[in-house]
Amino acid sequence: MDDNDTTLIPDNGTPPLADKPQRIADRERGGRTAVPGVIQSAGRTRVFAAGGGREKMRAADADRDRVVEFLNMAYTEGRLSKDEYDGRLENAFSARTYADLDQLVTDLPVARAAPVAPVAKTNGLAIASLACGIAQFGFGPLATIPAIVLGHVARHQIRRTGEQGAGLALAGLILGWAAVILGMILIVVGLAMSVGMSGTVH
């Protein structure tokens, strides 16, 4: 093999740098031509495939679209001026590698998803208190005491656990106590009428 020959060494299945081996040395002048990706040694020139790092990999349209969305968010938040946004947007569309895309967003904070607050469930005793408060109009005073008791217990649990249903428990309490007050008024009125009727008879 002649010292001026060029040997192409693929990198474990990586496509060669060119379709055909390139001839680096100029036979007539005896000089050597420097080519990116070529390691030259005394007496022999060898071509090695470029490293397989992510930065040198070709970017896809989907990668460019993600960077464009990121730039749109940064511009909306006021992190980029109009000129900076326009310039980076143009570079994003013309980017060829991941390194080209990375340098467009390297000074921008990483977007973080907003934490999703769990939905608090409604306290079951609060629902039962309201149900008893409504049921007393159909079933009489048998549901009044449960409405009051369940309402107080539900409000205590809600303050401790942060559950929903405070309004339901309060409504059950109001209905329960309203029934108690109404019952007491009716009893007093009934006694007064009974006393009055007794006095009239005598």
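**Salt bridges in the predicted model**

Asp63 is buried, with a relative accessible area of 9% (buried means under 20% relative accessible area, exposed over 50%, partly exposed in between, with a 1.4 Å probe and protein chains only). Asp63 forms a salt bridge with Arg66, and their closest N and O atoms are 2.3 Å apart; the term denotes a side-chain nitrogen of Lys or Arg within 4 Å of a carboxyl oxygen of Asp or Glu. Because Asp63 and Arg66 are three residues apart in helix α1 (residues 61-76), about one helical turn separates them. Helices (H or I, at least four residues) and strands (E, at least two) are DSSP runs, numbered from the N terminus.

This is a predicted model, in which local features need pLDDT of at least 70 and side-chain atom pairs count only at pLDDT 80 or more, while totals for chains, interfaces and linings use all residues. Residues are numbered from 1 along each chain as its sequence is written, and side-chain values use heavy atoms, with hydrogens and water left out.

The structure holds six salt bridges. Another of them joins Arg88 to Asp107, with the closest N and O atoms 2.8 Å apart. This pair links distant parts of the chain, 19 residues apart: Arg88 lies in helix α2 (residues 82-94), and Asp107 in the loop between α3 (98-105) and α4 (124-139). Arg88 is buried, at a relative accessible area of 16%.

Glu163 forms a salt bridge with Lys121, the closest N and O atoms being 3.8 Å apart. Here too distant parts of the chain are linked, 42 residues apart: Glu163 belongs to the loop between α5 (144-161) and α6 (166-201), Lys121 to the loop between α3 and α4. Glu163 is buried, with a relative accessible area of 18%, whereas Lys121 is exposed, with 60%.
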